[in-house]
Amino acid sequence: MDLLRRLTPGVKALMAIHALAWIIIQPLGSDFFRAIVLDPDAVLHGRIWQLVTHIFAVPNLGMLFFVLLALFFFAPVVEQRLGRRRFLTLY
């Protein structure tokens, strides 16, 4: 499969993290989901983890599909251009 070979290591890692995060977050419920999505007021009051966790907070399976699809088609080119470290920092 040539399509799968075009995936770069950083993109593969991000796709796996997104899928794993979705599997972990779903059974924890909406209170947990609200604790990890980006809320500027909450960040100002000390919930600084939201600056990172919101990236992986995907509310439903349809949204996860589109996130993974976008990563699949667009991210390998960006990672190849920027290099893995800069790409992951940007992400």
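Trainee: Is Phe-73 buried, partly exposed or exposed?
Mentor: This is a predicted model, where local features need pLDDT of at least 70, side-chain atom pairs count only at pLDDT 80 or more, and totals for chains, interfaces and linings use all residues. Residues are numbered from 1 along each chain as its sequence is written, and side-chain values use heavy atoms, with hydrogens and water left out. Buried means under 20% relative accessible area and exposed over 50%, with partly exposed in between (1.4 Å probe, protein chains only). Since Phe-73 has 41% relative accessibility, Phe-73 counts as partly exposed.

Trainee: How many aromatic pairs does the structure hold?
Mentor: Rings of Phe, Tyr and Trp (its six-membered ring) pair if their centres lie within 6.5 Å; planes under 30 degrees apart count as stacked, over 60 as edge-to-face and the rest as tilted. By that rule, the number of aromatic pairs in the structure is 3.

Trainee: What kind of aromatic pair do Phe-65 and Phe-66 form?
Mentor: Their rings lie 5.3 Å apart, centre to centre, with 75° between the planes. That makes the pair of Phe-65 and Phe-66 edge-to-face.

Trainee: And which kind do Phe-72 and Phe-73 form?
Mentor: Here the centres are 5.1 Å apart and the planes make 85°. Phe-72 is buried at 13% relative accessibility. The pair of Phe-72 and Phe-73 is edge-to-face.

Trainee: Which residue has its charged end over the ring of Phe-72?
Mentor: A charge sits over a ring if NZ of Lys or CZ of Arg is within 6 Å of the ring centre and within 35 degrees of the ring normal. The charged end over Phe-72, 5.6 Å from the ring centre, belongs to Arg-6.
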